[in-house]
Amino acid sequence: METTQVKKLKNFINGEWKEPSTEKSTKVYNPANSETLAEVPLSNARDVKAAAAAAVSAQKKWALVPAPQRAEVLYKTGLIMKEKKEHLARLLTMENGKVIEEARGEVQEGIDMAFYMAGEGRRLFGQTTPSELKDKFAMSVRAPVGVVGIITPWNFPIAIATWKSFPAIVAGNAVIWKPATETPLMAFELAGILHEAGLPEGVLNVVFGSGSTVGEAMIEEDVIRVISFTGSNEVGRNIAGKCGSRLKKVSLEMGGKNGVIVMDDADLSLAAEGILWSAFGTSGQRCTACSRVMVHENVKKELEDRLVQAAAKLTIGNGLDESIKVGPIINRGGLEKIQNYVDIGKSEGAKLLTGGSVMDKGALKNGCYFAPTIFTDVTPGMRIAREEIFGPVVSLISVKNFEEAVDINNQVEFGLSSSIFTKDVNKVFAAQRDLDTGIVYINAGTTGAEIHLPFGGTKGTGNGHRDSGVAALDVFTEWKAVYVDFSGRLQRAQIDVEEGS
């Protein structure tokens with residue numbers, strides 16, 4: 001789909017593409033050139049009700065399908081995604097803006113998750129344990145929650161969707177999905193692929209619309225027992241409060257203010273490469289993006305020089321061009337936010353080394369581009385060192401030693417990802433212990449999660465749950481304890497245990 005043909009999208013409910021209850025819609029633009037790609041409906045609570053009714057009916061049947069058979073659908077989904085990988089990647093680049101090599105990587109992440117979670121269909125392990133009573137067997141098993149709601153962001157529109165939907169599906173749940181209105185085409189494609197793979201009608205439903213309307217309706221819908229959300233801290237806190245009053249399970253993955261520590265014994269060439277990839281990949285629009293560098297004062301100047309020289313070589317433009325390394329910002333609102341933070345940094349006294357402005361000349365004039373930006377002489381209390389910018393802006397903070405670097409890293413309200421570059425094995429082990437983030441990298445940047453490990457963070461980043469890996473199953477299942485008494489008589493735990501036996 002590399003044409004100007006506009007798709008008018010519909011909701012996917014009970015295995016069919018259905019017109020929404022409202023005529024309201026919004027356009028989807030390619031941030032690289034402002035081309036209109038699609039028209040997406042702004043659905044309302046009636047559409048959520050319809051999806052909920054379909055999901056409840058479908059889930060009862062789906063939960064009775066043996067888990068290995070449920071897994072076969074995910075396995076087929078992975079195969080279809082593999083066949084369509086290039087198509088999906090190019091479409092992803094068009095609606096999201098990320099460069100094509102990153103888009104291919106994101107689609108591959110979805111493929112990997114399909115195969116990984118298909119494997120869980122033959123595991124979904126519980127536990128067996130001895131009973132304290134004679135002739136009694138005890139075990140725990142995972143049971144599906146029922147109907148789950150997932151709310152996904154625009155920056156990883158297919159990867160995060162698979163992190164949430166695939167474990168929910170293999171565990172026997174039905175899903176209602178609200179994708180971001182900026183990137184609905186990945187939802188259109190993924191719903192079609194799951195349907196093609198044989199997922200029964202109603203097990204996955206897609207309702208397009210705004211968070212304030214569709215998202216709120218999902219929270220208020222009683223049959224939806226889980227809300228899994230990735231997005232801003234402000235919205236996540238609001239969701240948590242409303243779900244809490246309804247005793248609804250909620251999983252939150254929110255912001256980050258991720259730091260890289262560079263010690264004076266570090267390989268500075270490797271460190272510079274890792275920082276640039278983490279800070280400017282996806283144009284800095286990822287929750288794991290590096291936005292702070294705590295660099296030892298002895299190597300600060302050399303690292304600054306390396307970063308500025310490398311940043312100058314970055315090619316910026318339409319991500320469909322294989323030579324481009326940095327794509328556009330998602331929209332004009334994103335550009336304005338980034339520019340505002342750059343101005344704040346200047347006013348706070350930070351020194352701008354490079355970048356710091358919107359790029360709107362020549363081939364970039366119709367898109368949403370911001371120059372890769374590096375600040376130095378930043379202090380930990382500055383807003384650009386504490387608040388999430390969500391753009392290609394990185395701040396360098398000078399430190400005297402390892403302990404100061406760790407302390408500064410841990411001062412912010414977020415706790416997603418952190419990193420250290422050093423050759424000292426003692427500092428490596430101290431760092432993985434003392435850095436208070438959910439993810440820690442050694443001699444690598446702050447990005448690059450693998451799907452078989454848990455993904456998520458501490459403090460203002462989340463509420464203790466994790467996407468990806470086996471841990472994701474905890475969000476979408478309930479533990480059920482099962483006791484089998486084959487003694488032929490009533491036995492009472494604790495009461496019928498002989499003293500001293």
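Colleague: What should I know before reading the numbers?

Modeller: This is a predicted model, where local features need pLDDT of at least 70, side-chain atom pairs count only at pLDDT 80 or more, and totals for chains, interfaces and linings use all residues. Residues are numbered from 1 along each chain as its sequence is written, and side-chain values use heavy atoms, leaving out hydrogens and water.

Colleague: How many helices and strands does the protein have?

Modeller: Helices (H or I, at least four residues) and strands (E, at least two) are DSSP runs, numbered from the N terminus. Here there are 14 helices and 24 strands. The radius of gyration is 24 Å, close to the 23 Å that the globule rule gives for 501 residues, so the protein is as compact as a globular protein of that length. That radius is taken over C-alpha atoms, and the rule is 2.2 Å times the number of residues to the power 0.38.

Colleague: What does a positive phi look like here, and where is Leu-247 found?

Modeller: Most residues other than glycine have a negative phi. Leu-247 has a positive one, near 50°, and is found in the loop between α8 (233-245) and β12 (249-253).

Colleague: Is Leu-247 buried or exposed?

Modeller: Buried means under 20% relative accessible area, exposed over 50%, and partly exposed in between (1.4 Å probe, protein chains only). Leu-247 counts as exposed because its relative accessibility is 72%.

Colleague: And where is Asn-443 found?

Modeller: Asn-443 is found in the loop between β22 (439-442) and β23 (458-459). Its phi is positive too, near 55°, and Asn-443 is partly exposed, with a relative accessible area of 31%.
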